[in-house]
Amino acid sequence: MNRDTGHFNLTARVLHWLMAAMILTMLFVGVGMVAALQWRPMLVDLHRPLGIAILLLVLVRLYNRLRHRPPPLPADLPAWQAAAAHASHWVLYGLMLAMPLVGWSMLSAGGYPIVMWSGFNLPAIVPHDPSLYAALRNAHSLLAYALFATVVVHLSAALFHLWVRRDGVFQAMAKGPGRADGLDTDKHR
């Protein structure tokens, strides 16, 4: 059942895989910040700029997605699976936007400087408020669990398409159209 469903453009593919690596890194960094106190300062210094980078990249990714329609899903995909695929993608976008914004708001509410690197801090986006800080800290943790669960579902669905359905959905994001060796010759899309 090797059906070609089209391909995502090069920008979408690069952003997808780059952000996948960044998000997995963030999930491990987040766990490490809580579990290994001796590494916490170094991990926090990584967590903040990486979170802002994800925020900026998801905005670029959304812009690209709105300008370039993703390839259609296979016509024989059950309607509930197609609906779940579309919904899960928008949930992922929402979480990729919400996580850094909630983290930034949390630090602002806690009165903490949002240090990107030495000499450059982000401005506070909410007023200093300890009770808001506590609520945002809980929200950030809950969103992290939701993101982890959504990533696991997304990865499971991708592997289902690759190994079970063999319908080209995984390949649409894994490589572009081109030669049989998988090299992308579609640089202008």
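User: Is the crossing of H3 and H4 left-handed or right-handed?

Analyst: A crossing is left-handed if the near helix is turned anticlockwise from the far one by less than a right angle, and right-handed if clockwise; the crossing of H3 and H4 is left-handed. This is a predicted model, in which local features need pLDDT of at least 70, side-chain atom pairs count only at pLDDT 80 or more, and totals for chains, interfaces and linings use all residues. Residues are numbered from 1 along each chain as its sequence is written, and side-chain values use heavy atoms, without hydrogens and water.

User: At what angle do helix H3 and helix H4 pack?

Analyst: Two packed helices are described by the angle between their axes and the distance between the axes. Helix H3 (residues 79-110) and helix H4 (residues 130-165) pack at about 150 degrees, with their axes 8 Å apart. H3 and H4 are therefore roughly antiparallel (a word kept for angles over 145 degrees). By class, the contact of H3 with H4 has 19 nonpolar residues (Ala, Val, Leu, Ile, Met, Phe, Trp, Tyr, Cys and Pro), 1 charged (Asp, Glu, Lys and Arg) and 9 polar (the others, Gly among them).

User: What span should the 32 residues of H3 have?

Analyst: At 1.5 Å a residue, taken times one less than the number of residues, H3 should span 46 Å, and its end C-alpha atoms are 45 Å apart, which agrees. After H3 comes Gly111, with a positive phi near 75 degrees.

User: How far apart are the axes of H1 and H2?

Analyst: The axes of helix H1 (residues 10-35) and helix H2 (residues 40-67) are 9 Å apart, at an angle of about 155 degrees, and the crossing of H1 and H2 is left-handed.

Note on methods: Axes fitted to C-alpha atoms, helices over the stretch in contact; angles between N-to-C directions. Helix = DSSP H or I, 4+ residues; strand = E, 2+ residues; numbered from the N terminus. Parallel < 35°, antiparallel > 145°, perpendicular 65-115°, else oblique.
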